[in-house]
Amino acid sequence: MVRERGFWLMMLGLLMLVEPMARPGLPPTEDGVIHAYRVLEMHRLWQAGLFYSRWAPDLAFGLGTPLFHFLGPLFPWLGALGMSLGLPLELSLKITLAGLLLLGSAGTYGLARLWGLSESASLIAGLAFASAPFRVRELYWQGDFPQYLATSLLPWALLALHRALRERSGGWRFAAGGVIAGLPLGHNISALLSAPLLLGYSLLVIGAERMPWRRILRVLHALAIGAGLAAFFVLPALADRSLVHLDRLLQGEYDFRKHFVDPGMLLSMPPLRDDRLGNRRLILTLGLHQVLLSIPALMALARSDRRRTLMIACGVGLAGMVAMMIPISRPVWEALPLLAYAEFPWRWLGIAALPLALLVGLAVDAVPPRWRSGTALLFSPILILGSLGLLYNGGTPVRLSRPTLADLHAYERRHRYPGLTSVGELFPRWVEGEIEGSPLEAAYSEGREPIRLDLNSLPPGASVRVLHDGVLDQRYQMALPVGADLRFEVLAFPGWTVRVDGRPVVVWAEAGTGRLRAEIPPGSHEVRLRFEPLLHWRLLELFAAGLAALGAWRFGWRALRSIPPLFHRAITFAPRVGAGWRSWPASQQGMAVIFAVGLVSQAPYRLWNATRVPLDRPRGAATYVQVDYGSQIRLVGYRLEPPYVQPGGEARLTLWWRPLRPVETQYSVYVHGYPASGEPRLAFQSDHMHPAEVPTNAWDGERIYMDDHLLRVPPEIPPGLYRIRVGLYERLHPGSRLRINGSGEDGFDLPTPLVVARPIPALTQPVSFGEKIRLVGVELPPGLERGAPWTVWLAFEAISPLEADYTLFVHVVDEKGKREGQRDLWQPTSRWPIGVSIPIAVELEGLPHPGRYFLRIGWYKWPEMAHLAPGSEPFYLYPMPVEVR
């Protein structure tokens, strides 16, 4: 593989996907900082001489959680390895992630070659796997790095199983077992979802290559090795689920039933530009461009070789994975209890990227051999540019060069992630409520190892001296005048012990807080607090270590012997590549030039940067504004649709916000509706605790936040025009509102009002007033009693934007033209939406005499008294009379 031009061309192309990591800081992903701090915690344990500790002592403000008892330690191990070599945390993470990207594509390339695909097809398969929208999103937006690790190992697991089935040597079985063990150690949910794929692939290989069915024993052997190597982690994690709050992952927003994907979304195109949205909807797609590129693979059906079998298997597998992501699979999810812990059916997208990538590679081999290099040349930029909108995050980079444990606690508090988990699901079962902090934080801030004995629990007259202040092992010399129930600042969990003069004493969890407590007798004692792995944990760890040592002893030396020749072939291949450049096909030369020029010139970044949405011009906004609230937050645009509703109806208002500087306070947003004229009484409202569902103190200055409001208009509300006022107030102090820069107002009236409509009989021929306003409907009462007040309804439309506010006048005249009544109503016409019928109620006094009366309707601008004349007269005389009985 390392002697093939296709492999090295692929590696050159992949560097364009790695290039964003060369920029300062980490991409501001959703979960990336969480995993970075988990790496920091692992490195802290390594510094204390603990290669694998199930207890993470510094999380939850120093109270600790059984983090690595339930979550795979492989990614933290890899990150801690770089830090142990002297690299900063940030650089160690970047090297690890770049290596995983290259590793996953290399495995896909090797898997494709194993099935007989050409170099060009295998190259494209590797590129397609790395540039799959979900994997790019995982790397630069979501930041679930352990999941990315597991899906990067998946091609290698299949490749190793394939080789184990072909060859008698047990080395490949141990290799397959080792990679399979890496799946749960990397991400246990991905391992769970990958299990059917591993078994199905093994059966596919046996059937496609006409192997004896007893070869399935080799697969079982490899799976048994993998299970044995990972047993030290998997078995305790499964057995001890009831000791923590994992049930929280099955409730509320984490209920899998709420996260099935619409089939149309799975086949959508990923964004091709950066819309700058800080609350961008989840990009959950296979990538329409990859699906379209894979269609020529159907031509493999006409073949009679293994590629037809691979095409059918990939198609069936991909269809099955799609089915598991859409609502049709709900009965399957409900029938398999463990599957519910996956939380999100769309996790299958990470696995589905592999069969789709192989289909894209098969599409290249569907064309005649002489065209394959040219087809690969065509496919490669489409694959890379197809995920351009996801390749660069665009937010403010996160700088984590030399973070401390105090920084970890600050992150836990600021983002409300105590224990570096979403909902505290790894807190021991006896911990109730949330953990807001601990007395240990002061020691962490000073760079000291915290003393975990709660000195306030000592009885009066007691004395204590610290003998040893280890990470998971502390000893105290104390003299107690009376027996005491001592409290320790750790969360109780199996493994924590308290020994008095070498003898264990009974420990228990404090009700509510979950702190560890122990009864210490009176007198002078040496008390030892220590986290001691349980016997069966140790036995499983020894078994896994022994199994790994056995494999390394029996087969590792062969692998080590093969490294020098492999390295020699790789370094001697490079000069031959340069010497044979002229013999390369023109398409491969073109691909190498495109990749090299694109990498050196940073062409993807330049294209992405040139097409970014400006911060003050968000996509989708109908009206752009620049309204600054307290010089902290700017309203940059909005959209109101529809612009009119019936009483009892609903309208959707979307606001676009952006922070002008880091916001320290959490602000809430209010949207209030008031009549545009008359008494300012509240008609309807919509309040959001967090605008755009993101706390304002977590907003990124390089992002725009789209905030959707549903305005529900009460059915009893009078028809007419309503102004919409938008403001911000402190979440914890609703009376404290941000003032508008310049005006000092505590809210901003949107230029576009909401029209609450009313059906009004239409005029046969609308009447235009100065080519600006049009009368389109009039509704008169059917008959009036003498002296009774009455109302006439008029419907107007704005023909074009109005630069000023006009006043409507309605005169009531008798048959001789004598005025018997009138009403003048100022209207905010400068805010009228164009072409929308606006109902206006004109309330008039009762008429004293029976007879027929007519209406004169007109508009003027105050104080100039300039009329909008409908003709020669400054008014329109409505021809239908009103009868007064």
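Two strands count as paired if DSSP finds at least two bridges between them. Strands themselves are DSSP runs of E with at least two residues, and helices are runs of H or I with at least four, both numbered from the N terminus. On these terms, strand β4 (residues 496-500) and strand β8 (residues 523-531) run antiparallel and are joined by five bridges. V500 stands opposite V527 in β8.

The model is predicted: local features need pLDDT of at least 70 and side-chain atom pairs count only at pLDDT 80 or more, while totals for chains, interfaces and linings use all residues. Residues are numbered from 1 along each chain as its sequence is written, and side-chain values use heavy atoms, with hydrogens and water left out.

The β4 and β8 strands belong to an open sheet of five strands, in the order β1-β2-β8-β4-β5, with antiparallel pairing. Its edges are β1 (463-469) and β5 (503-504); each has a single partner strand, so one side of each is left without a neighbour in the sheet.

Another open sheet has three strands in the order β3-β7-β6, and its pairing is antiparallel.

Strand β13 (residues 667-675) is mostly covered, with nine of its nine residues buried. Buried means under 20% relative accessible area, exposed means over 50%, and partly exposed lies in between (1.4 Å probe, protein chains only). In a regular strand the side chains alternate between the two faces of the sheet. In β13, Y667, V669, V671, G673 and P675 point one way, S668, Y670, H672 and Y674 point the other way, and all are buried. β13 pairs in the antiparallel sense with strand β16 (residues 720-730) over nine bridges, where S668 stands opposite Y729. β13 also pairs in the antiparallel sense with strand β14 (residues 684-688), over five bridges; there the bridge partner of Y670 is D687.

Side chains of opposite charge can pair when their charged atoms come close. A salt bridge is counted when a side-chain nitrogen of Lys or Arg lies within 4 Å of a carboxyl oxygen of Asp or Glu. By this rule there are 55 salt bridges. One of them joins E167 and R163 at 2.6 Å, N to O. E167 is partly exposed at 27% relative accessible area, and R163 is partly exposed at 25%.

R414 and E664 form a salt bridge at 3.9 Å, N to O. This pair links distant parts of the chain, 250 residues apart: R414 lies in helix α19 (residues 405-415) and E664 in the loop between β12 (650-659) and β13. R414 is partly exposed, with a relative accessible area of 40%, whereas E664 is exposed at 59%.

In the salt bridge of E815 with R852, the closest N and O atoms are 3.3 Å apart. E815 sits in the loop between β22 (806-814) and β23 (819-827), and R852 in strand β25 (residues 851-861), 37 residues apart. E815 is exposed at 55% and R852 is partly exposed at 36%. Elsewhere, salt bridges that share partners join D454, D485, R487, E489, E510, R515 and R517 into one network.
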